[in-house]
Amino acid sequence: MLVLGIESSCDETAAAVVEDGRRILSSVISSQIDIHRQFGGVVPEIASREHLLKIDPVVDEALEKAGVAIGDIDAVAVTNGPGLIGSLLVGVNYAKALAMGLGIPFIGVNHIEGHFFSVVFENPPIEYPAMALIVSGGHTNLFLAPEPGKYELLSRTRDDAAGEAFDKVAKMLGLGYPGGPVIERYAREGDPKAIRFPIAKISDGKPDFSFSGLKTAVVRYLRENGIEPVKEGEEPSNEIKDICASFQDTAVRTLLKNTRKLAKELRPKVLIVAGGVACNETLRTASEKLAESLGVTVYFPSKHLSTDNAAMIAAAGHFHLQRGERSATDLTADVNIRLQNTGEHVSAKDGRKVPYRI
Amino acid sequence: MLSKTINCPTPEATFELGERLGAALKGGDVVLLKGPLGAGKTLFTKGILSALGFDTADVTSPSFTLVNRYEADLTIYHIDLWRIEDPEGASFSVGLGEILEDEDAVVVIEWAERLGAFDFGVDPVEVEISGDGDSPREITVSGEIVFEGD
């Protein structure tokens with residue numbers, strides 16, 4: 001079965017042809033990063049216009065690289081949320097029109113479920129129950145998948161997403177956008193133990209994430225020590241490199257603290273770490289160590305599958321199509337769509353139920 | 001114009017003041033939040049949303065998306081312009097003109113100073129928060145608004 005995947009939830013226009021949900025015939029990603037860099041982040045109005053310009057050529061290129069004709073495609077899978085509304089609408093309407101014109105089925109895919117499926121190409125089949133830490137510029141979620149297609153949201157951010165914290169700190173330090181790669185680069189030359197930044201505690205005892213306090217701690221440290229942002233073209237001082245390393249270390253420990261606690265309790269067979277922040281080597285190494293100590297197998301997508309792409313959307317779409325699921329013609333974009341269709345997990349420690357929602 | 005400064009010693013107090021202000025808001029109101037990074041602007045907005053019937057666990061920072069839209073008792077637009085430094089770019093990037101045309105919506109803007117001199121069409125309520133970290137916050141609310149405990 002050949003599935004054409006389409007992804008346009010944020011600032012990457014992407015299309016991919018995937019065979020039987022596991023083999024990538026092509027994966028084309030057109031990034032808008034150079035356009036958005038001058039604004040220090042994605043600008044929704046600009047992103048949607050760019051998607052409109054790029055989607056047709058990107059799909060053509062994906063078909064060409066896969067060596068297939070449009071008539072060979074069996075189904076279309078498209079991200080319909082969460083994401084930026086104007087961006088999502090471009091992909092959703094394009095995919096719907098294409099599938100209707102070709103008379104083939106189409107299915108809307110939750111972008112976060114796409115990240116979950118980003119590991120299927122390069123790892124052994126996912127064993128269940130699986131736990132997934134999905135971290136990117138817009139999302140920070142920890143899921144339990146007790147069986148295929150079932151997801152329980154265990155933990156999420158209360159304020160900033162992990163990737164967003166990297167972007168904010170990079171901006172404060174004068175290091176530009178996007179923050180993840182540049183902080184990682186200078187962190188390698190800094191001392192992660194130089195400064196003690198706090199790991200946030202959630203006052204109601206739920207195992208959620210919070211990165212706002214860490215950001216504030218960095219602001220305070222800069223002010224109290226009179227540290228100026230790096231000027232353009234200048235090499236950052238050792239002090240700035242130490243801040244990068246210490247911040248990154250704290251961010252990674254924040255992510256893995258909840259993961260460790262919940263993995264100990266729920267005993268998954270596989271731990272998936274995916275999303276743009278999964279490119280971070282410190283997070284990868286620390287996740288490997290954590291998984292080893294818990295006797296769990298860890299799966300990562302390779303870097304080009306960690307950030308937004310359409311191959312993962314095609315794989316997730318294939319999974320649902322195989323189960324006979326289809327989207328109706330009234331499918332639309334939903335910016336707030338959740339990935340949660342099972343639940344009632346009662347944490348042994350706090351005894352509170354995580355509310356059930358879909 | 002009314003102006004009042006309230007001392008908020010804890011994050012909970014900041015949230016509660018947001019709730020009190022939120023309860024007094026109606027469609028068409030614009031709230032501008034000022035204060036340094038980490039002052040508690042998003043927390044204050046969570047309080048506003050809570051008063052308007054929204055589950056605040058779902059409210060996260062819009063620094064990445066620039067604008068989050070919530071459907072509660074009213075429609076609420078939560079905007080954050082921190083990373084947009086050019087005034088013209090700031091209003092364009094979030095489609096602010098279009099948002100302000102929605103008379104049934106409450107518009108909350110963090111880092112409104114990025115807009116420079118901007119005509120909102122109404123007199124906005126201004127909330128200025130000082131302090132960060134564990135220190136208490138001084139929150140000054142100014143505008144044509146009367147809220148509980150005022």
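**The interface of chain A and chain B**

Modeller: In this predicted model, 9 residue pairs are in polar contact across the interface of chain A and chain B, both residues of each pair being at pLDDT 80 or more. On the side of chain A that touches chain B, the elements that give two or more residues are α2 (44-66), α5 (162-172) and α7 (212-224) of chain A. Of these, α7(A) gives the most, with 5 residues. Sorted by class, that side of chain A has 14 charged, 9 nonpolar and 8 polar residues.

The count of salt bridges between the two chains is 2. One salt bridge is between the side chains of R223(A) and D132(B), with an N to O distance of 2.8 Å.

As for extent, 31 residues of chain A are in contact with 26 residues of chain B. The area buried between chain A and chain B is about 2300 Å², and carbon and sulfur atoms give 56% of that area. Within chain A, the residues that lose the most area to chain B are F39(A), R158(A) and K171(A), which together account for 20% of what that side buries.

R158(A) counts as buried because its relative accessibility is 15%, and buried means under 20%. Leaving aside neighbours within four places in sequence, R158(A) is in contact with residues of both chains: I202(A), D204(A), K206(A), D208(A) and F209(A) on one hand, and K46(B), V59(B) and T60(B) on the other. With one of these, D208(A), the side chain of R158(A) makes a polar contact of 2.6 Å. The C-alpha atom of R158(A) is also separated by 5.4 Å from that of S210(A), although the two residues are 52 residues apart along the chain.

Helix α1 (residues 11-23) of chain B has 13 residues and reaches 19 Å from its first C-alpha to its last, close to the 18 Å expected at 1.5 Å a residue. The buried residues of α1(B) are A13(B), T14(B), L17(B), G18(B), L21(B) and G22(B). An α-helix has 3.6 residues a turn, so residues three or four places apart point the same way. What covers the buried residues of α1(B) includes the strands β1 (2-8), β2 (30-34), β6 (125-130) and β7 (137-143), together with helix α2 (41-51), of chain B.

Note on methods
Residues are numbered from 1 along each chain as its sequence is written. Chains are lettered from A and ligands numbered from 1 in the order in which they are written. This is a predicted model: local features need pLDDT of at least 70, side-chain atom pairs count only at pLDDT 80 or more; totals for chains, interfaces and linings use all residues. Side-chain values use heavy atoms; hydrogens and water are left out. Contact means heavy atoms within 4.5 Å. Buried area is the accessible area (1.4 Å probe) that two parts lose on being put together, summed over both. A salt bridge is a side-chain nitrogen of Lys or Arg within 4 Å of a carboxyl oxygen of Asp or Glu. A polar contact is a pair of N or O atoms within 3.5 Å; within protein, one must be able to donate a hydrogen and the other to accept it, and residues adjacent in sequence count only if both atoms are side-chain atoms. Helices (H or I, at least four residues) and strands (E, at least two) are DSSP runs, numbered from the N terminus. Ala, Val, Leu, Ile, Met, Phe, Trp, Tyr, Cys and Pro count as nonpolar, Asp, Glu, Lys and Arg as charged, and the others, Gly among them, as polar. The expected span of a helix is 1.5 Å times one less than its number of residues. Buried means under 20% relative accessible area, exposed over 50%, partly exposed in between (1.4 Å probe, protein chains only).
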